[in-house]
Amino acid sequence: MGVQGETKLSKLEDIEMEKQLKLLNKPAVKTIEMKPTLARTKQNAGNSSTSSSSSRIWRNGKGCPFGTVPIRRITKDDLIRQKNMPPPEDVTFDTQLTNNNSVSEPTGMYGSSGYKVAIARTKNYPDNKFSGAGMAASIWNPPVKDGQHSACRLKIQKGSDILQAVNTEVPLDKTFQRNSQRGETSWEDTMAIARDQAKGNWWLFMEENHIQIGFWPQRIFTELTSFATNVEWGGVVYSPPGVPEPPMGSNFFPVLDSDYDAYCRAITVTNDKGETIDPTETTTFVNNPDMYFVFDVHNFKHHHFVLYGGPGDQIQV
């Protein structure tokens, strides 16, 4: 989940997008007014307990008719965002194998021009087998512009791209109506990705009660047909050539305070036996430490936290 900068359109581009809208917005089976917001959790400072704050997706409490899925009507702003989507991230691994513990760690991890990350990730053991991962992430709205992109992510990897589907209860392209403010209680959302061990599909779940959003079918993968070998949590930003890097997270370096920092908390992995566990062996990576930073903290407020952000100066709290 993240934010993306916008670009002004020429008159010709504007006319072309109007044509696309007429083609894309087909007549619906049923039209429903909805609040494009899912339940979120408000993280209380100083302890691990949370209180739920949610908005109903459907005004009448009902979903779509059987055999259909909810699709939000496409707007011109949607097409502009699609036009400004950053290029695919070229993640390359230039690994070296250490002699003492057979851990292969990347030395040239991110080859894409324009991408910067501040992440924690599982150590690169050759026999890693992950069937899922999860986290609760704070929601921020860093200012971006001119094709920039800034996001928090949970990433499961074994060298393949991914796709997404939805169910009949959750609308596509949901937006968050509230976001965290520094020095105040954080707003967050919970997400997980898990492999169906019977069919090999990778499912996306949202919220604390694990609403099934959809799955990436096994057949679209070349390497994720079995288990994943790497998982990462944290922040990622993108800027096109000639544009400065955007803010990440809270727009400030982390100060080890979840009321001030962007974070992923309660991070987990699921092993090949289906057991959800705390990833005890993780490492951090930042490819522009002058702009961004990350802390990987075990047993922080009773959870495993990854706190990240930048490029603002540290403050005293």
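Reader: On what basis are residues and atoms included?

Author: Residues are numbered from 1 along each chain as its sequence is written, and side-chain values use heavy atoms, with hydrogens and water left out. Because the model is predicted, local features need pLDDT of at least 70 and side-chain atom pairs count only at pLDDT 80 or more, while totals for chains, interfaces and linings use all residues.

Reader: How do you know that Cys 152 is in no disulfide?

Author: A disulfide is a pair of cysteine sulfur atoms within 2.5 Å. The sulfur of Cys 264 is the nearest to that of Cys 152, at 3.6 Å, which is too far for a bond. A search of the whole structure finds zero disulfides.

Reader: Why is Cys 264 called buried?

Author: Buried means under 20% relative accessible area, exposed over 50%, and partly exposed in between (1.4 Å probe, protein chains only). Cys 264 has 0% relative accessibility and therefore counts as buried. Cys 152, at 5%, is buried as well.

Reader: What makes a set of residues a nonpolar core?

Author: The set consists of buried Ala, Val, Leu, Ile, Met, Phe, Trp, Tyr and Cys residues joined through side-chain atoms within 4.5 Å. The largest such core has 34 residues, and Cys 264 is among those with the most contacts inside it, as are Trp 202 and Trp 233. A second, separate core of seven residues includes Val 117 and Ile 119.

Reader: Why is the pair Lys 116 and Glu 245 called a salt bridge?

Author: A salt bridge requires a side-chain nitrogen of Lys or Arg within 4 Å of a carboxyl oxygen of Asp or Glu. The closest N and O atoms of Lys 116 and Glu 245 are 3.9 Å apart, so the pair qualifies. At 17% relative accessibility Lys 116 is buried, whereas Glu 245, at 28%, is partly exposed.

Reader: What makes Glu 232 and Arg 153 a salt bridge?

Author: Their N to O distance is 2.7 Å, so the pair meets the criterion. Glu 232 lies in strand β12 and Arg 153 in strand β8, so the pair ties together parts 79 residues apart in sequence. Glu 232 is buried at 2% relative accessibility, and Arg 153 is buried at 15%.

Key. Helices (H or I, at least four residues) and strands (E, at least two) are DSSP runs, numbered from the N terminus.
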